[in-house]
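Keep the sequence and the model side by side as you read.

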Amino acid sequence: MDKIAIIGLGLIGSSIAHAARRGRLARQIAGYDASDDVRLRAGKIGFCDTIPDSAAEAVTDADLVILCAPVGAYKAIAAEIAPHLKPGAILSDVGSVKGAVLRDVAPFVPAGVHFIPAHPIAGTEFSGPESGFASLFDGRWAILTPPAGSDAQAVARLKAFWQGLGSQVDVMAAGHHDLVLAITSHLPHLIAYNIVGTAEDLEKVTEGEVIKYSAGGFRDFTRIAASDPTMWRDVFLNNRDAVLEVLGCFNEDLSQLQRAVYNGDGDMLFEFFTRTRAIRRAIIDTGQDSAAPNFGRNKT
């Protein structure tokens, strides 16, 4: 790429810039964020070559434009930048939902611009331009969800870009993506936010003992629940149908476990825990996590 433009300079946007520089994937990296403070901080870090005062200026003459803002802001951003996208450019994103992105952005995409949504399955609980690092995407999956009729060469270019960032790349339909991510990412976050909220209520009863005696399981929940609230609010509002579908399945399974505990059905509990333990082992075997204990969850 001669020039890429990154709209939104938080964890994912800044990490794309760092990784693109590491891989020498662009001659010029332009960045923009709606926050004056974020633009100032990003400028001091220096992972972008230019940080203009508008998204429209940032995308001018860019070969690749990546939306890295919360998905709820995509519609307004698309309306602003559409007249400034050059013919042949690729417009993409990193949102955790894809059906809503197609709905909100596609109507603004000019003829001759290739709109190919994407989602890197990578992240930490940290946010802001200081949180980004070049190795965030190494060995992780990036999913492309090109609309029907997308230009094959443009899809191949975007795939090569994400591979250059360190990712493994897969392609699937937007609706299927949203269902898969509802169970692998969105529901776990919803559960984490809920259980930490429950603990907050109990904290008043136990006089601080919930936090004082937090075990590993609760620490992992609090890590997930520390994620950007704006981003996750938009995820749940924009992937409502898929989240509600998997939440219904979850509630059914939870009811079965509740009955097993109530009835003292140890066989059912043992069989269920054994079966689900195998999924954790499969995640480790595929290289998506390490079996080594890491209570601090370092981001590097």
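Arg24 sits in the loop between helix 1 and strand 2. Helices (H or I, at least four residues) and strands (E, at least two) are DSSP runs, numbered from the N terminus. Arg24 is not a glycine, yet its phi is positive, about 50°. Its relative accessibility is 77%, so Arg24 counts as exposed. The classes here are buried (under 20% relative accessible area), exposed (over 50%) and partly exposed (in between), with a 1.4 Å probe and protein chains only. Asp61 also has a positive phi without being a glycine, at about 70°. Its place is the loop between helix 3 and strand 3.

A word on the basis. The model is predicted, so local features need pLDDT of at least 70 and side-chain atom pairs count only at pLDDT 80 or more, while totals for chains, interfaces and linings use all residues. Residues are numbered from 1 along each chain as its sequence is written, and side-chain values use heavy atoms, with hydrogens and water left out.

Now the charged pairs. Side chains of opposite charge can pair when their charged atoms come close. A salt bridge here is a side-chain nitrogen of Lys or Arg within 4 Å of a carboxyl oxygen of Asp or Glu. The count by this rule is 11 salt bridges.

Start with Asp2 and Arg27. Their closest N and O atoms are 3.6 Å apart. This pair links distant parts of the chain, 25 residues apart. Asp2 belongs to the segment before strand 1 (3–7), and Arg27 to the loop between helix 1 (11–22) and strand 2 (28–32). Asp2 is partly exposed because its relative accessibility is 40%. Arg27, at 70%, counts as exposed.

Next come Asp63 and Lys86, which form a salt bridge at 2.8 Å, N to O. Asp63 lies in the loop between helix 3 (55–59) and strand 3 (64–67), and Lys86 in the loop between helix 4 (74–81) and strand 4 (90–93), so the pair ties together parts 23 residues apart in sequence. Is Asp63 buried or exposed? Asp63 is buried, with a relative accessible area of 12%. Lys86 is partly exposed at 27%. Elsewhere, salt bridges that share partners join Asp37, Arg41 and Glu130 into one network.

Asp37 is partly exposed at 41%. Arg41 is partly exposed at 27%.

Turn to the interior. A nonpolar core is a set of buried Ala, Val, Leu, Ile, Met, Phe, Trp, Tyr and Cys residues joined through side-chain atoms within 4.5 Å. The largest one has 66 residues, and Ile16, Val65, Leu91 and Trp162 have the most contacts inside it. Helix 1 gives the largest share of this core, six residues. Apart from it lies another core of five residues, including Leu257 and Met268.

Trp162 leads on to Ser167. Leaving aside residues up to four places away in sequence, Trp162 touches Ile16, Val94, Ala118, Pro120, Phe137, Ala142, Leu144, Ser167 and Val169; contact means heavy atoms within 4.5 Å. Ser167 is found in the loop between helix 6 (152–164) and strand 8 (168–171). Ser167 is buried, at 7% relative accessibility. A polar atom of its side chain lies 3.5 Å from the backbone oxygen of Phe137.

Technical notes
A polar contact is a pair of N or O atoms within 3.5 Å; within protein, one must be able to donate a hydrogen and the other to accept it, and residues adjacent in sequence count only if both atoms are side-chain atoms.
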